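Here is a friendly walk through one model, meant to be read with the coordinates open beside you.

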Amino acid sequence: INIDPTLYDHSASVAMFSGIIAKQSLSHKVNEKEAILLAKCGLYHDAGKSCIPNAVLNKPGPFTDEEFEVMKTHTILGHKELMEAVHKGFPIDEIVARVALEHHERHEGQGYPHNKKGRFEDDKDNGIHIYSRIVAIADVYSALLMKRIYKPAMKAEKAIEIMCKNADKEFDPEIFYPFISGIRKSLDKNQKETYSKLF
C-alpha cells in the first residue's frame, strides 16, 4: 500500500478472481484450505514489485526495453522475498512463491522469466503450475479493468476482447474459456436486469 495503493487493489482483485476461476475450472470442489491458499497466491503474486524502483513501477508512459527488463525481474525478486519469508517461518506456503515466479509464464512458452510452457501436470520440469495458470488469467483481467497511472480503466467487454485475441498462446484453454464464459453470462445477466428496470 505504501509503495503503490493501486498495486494492493490489483492484488486483492487478483486474489478474488483466482478463487472464482478455481471454482469454475478445477475438477474437484475447492475446500476452504485451498481457497485460502489460492487467495494468498493472488494477493502476493506481485510481491516483487516492492523491489522495483518507483520511477519504473509508476512510469506514466511506455517502458523502454531496459525498463521492461527491470520490470520483468519482479517475478524473480518476488519469489526470493517470499521464499525468505517461508524460511523465516511466516505462514506462507512455497507454492505462493512459485506463483510469484511463474505468473508471467505463458501457455505456449512466450512468457518470462524462464519461458516455461504447458502444464506442470504434463511436464514436471518445464510446465507451469495450475495455480500459476489461474493467477495469470486473473492478473491480466484485473490489470485491464483497473485505472493505472499509465492507462485508463477498461470495460469488461473490451478486456475480454483483448484477452481472447491471443488466448490460446497465452492461457491454458481449459481454464481460460470457462472463466470467459462465466464473465459473459454475468455481463448478460446484468444487462438484462438493467434493461428490465427501465421498462
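Pro 113 sits in the loop between helix 6 and helix 7. Please keep in mind that this is a predicted model. The peptide bond that joins Tyr 112 to Pro 113 is cis, with omega at about 10 degrees. In general, most peptide bonds are trans, and most residues other than glycine have a negative phi.

**The loop between helix 6 and helix 7**

Tyr 112, the partner of Pro 113 in that cis bond, belongs to the loop between helix 6 and helix 7. Is Tyr 112 buried or exposed? Its relative accessible area is 13%, so Tyr 112 is buried, the cut-off being under 20%. Setting aside neighbours within four places in sequence, Tyr 112 is in contact with Phe 68, Lys 72, His 74, Thr 75, Leu 101, His 104 and Glu 105. One of these, Leu 101, is eleven residues away from Tyr 112 in sequence, and their C-alpha atoms are 8.7 Å apart.

Asn 115 is found in the loop between helix 6 and helix 7 too. Although Asn 115 is not a glycine, it has a positive phi of about 50 degrees. With a relative accessible area of 44%, Asn 115 is partly exposed.

His 103 also has its place in this loop. A relative accessible area of 0% makes His 103 buried. Its side chain reaches the backbone oxygen of Ala 100 at a distance of 3.0 Å. Not counting residues up to four places away in sequence, His 103 touches His 45, Asp 46, His 74 and Thr 75, as well as Ser 132, Val 135, Ala 136 and Asp 139.

**How the helices pack**

| Helix pair | Angle between axes | Axis separation |
|---|---|---|
| helix 1 (residues 5–25) and helix 7 (residues 130–145) | about 130 degrees | 8 Å |
| helix 5 and helix 6 (residues 94–102) | roughly 170 degrees | within 7 Å |
| helix 6 and helix 7 | roughly 50 degrees | within 9 Å |

Take helix 5 and helix 6 to begin with: their axes cross at roughly 170 degrees. That angle makes helix 5 roughly antiparallel to helix 6, since angles over 145 degrees fall in that class. On the helix 5 side, the contact is made by Thr 75, Ile 76, Gly 78, His 79, Leu 82, Met 83 and Val 86, and on the helix 6 side by Glu 94, Val 96, Ala 97, Arg 98, Ala 100 and Leu 101. Sorted by class, the contact of helix 5 with helix 6 holds eight nonpolar, three polar and two charged residues.

Which way do helix 6 and helix 7 cross, left-handed or right-handed? The crossing of helix 6 and helix 7 is right-handed, and the two helices are oblique to each other. Helix 6 contributes Ile 95, Arg 98, Val 99 and Glu 102 to the contact, while helix 7 contributes Tyr 131, Ser 132 and Val 135. The residues of this contact of helix 6 with helix 7 comprise four nonpolar, one polar and two charged.

Helix 1 and helix 7 are likewise oblique to each other, and their crossing is right-handed. From helix 1, His 10, Ser 13, Val 14, Phe 17, Ser 18, Ile 21, Ala 22 and Ser 25 take part. They meet Ile 134, Val 135, Ile 137, Ala 138, Asp 139, Tyr 141, Ser 142, Ala 143 and Leu 145 in helix 7. The residues of the contact of helix 1 with helix 7 fall into eleven nonpolar, five polar and one charged.

Gly 78, which takes part in the contact of helix 5 with helix 6, is found in helix 5 (residues 74–87). At 0% relative accessibility, Gly 78 counts as buried. Apart from residues up to four places away in sequence, Gly 78 touches Ala 47, Gly 48 and Ala 100.

Asn 58 lies in the loop between helix 3 (54–57) and helix 4 (65–72). Its relative accessibility is 17%, so Asn 58 counts as buried. The side chain of Asn 58 makes a polar contact with the side chain of Asn 54 at 2.6 Å. Beyond its neighbours within four places in sequence, Asn 58 is in contact with Ile 3, Asp 4 and Ile 149.

Terms used: Residues are numbered from 1 along each chain as its sequence is written. This is a predicted model: local features need pLDDT of at least 70, side-chain atom pairs count only at pLDDT 80 or more; totals for chains, interfaces and linings use all residues. Side-chain values use heavy atoms; hydrogens and water are left out. Axes are lines fitted to C-alpha atoms, for helices over the stretch in contact, and angles run from 0 to 180 degrees between N-to-C directions. Helices (H or I, at least four residues) and strands (E, at least two) are DSSP runs, numbered from the N terminus. Angles under 35 degrees count as roughly parallel, over 145 as roughly antiparallel, 65 to 115 as roughly perpendicular and the rest as oblique. A crossing is left-handed if the near helix is turned anticlockwise from the far one by less than a right angle, and right-handed if clockwise. Contact means heavy atoms within 4.5 Å. Ala, Val, Leu, Ile, Met, Phe, Trp, Tyr, Cys and Pro count as nonpolar, Asp, Glu, Lys and Arg as charged, and the others, Gly among them, as polar. Buried means under 20% relative accessible area, exposed over 50%, partly exposed in between (1.4 Å probe, protein chains only). A polar contact is a pair of N or O atoms within 3.5 Å; within protein, one must be able to donate a hydrogen and the other to accept it, and residues adjacent in sequence count only if both atoms are side-chain atoms.
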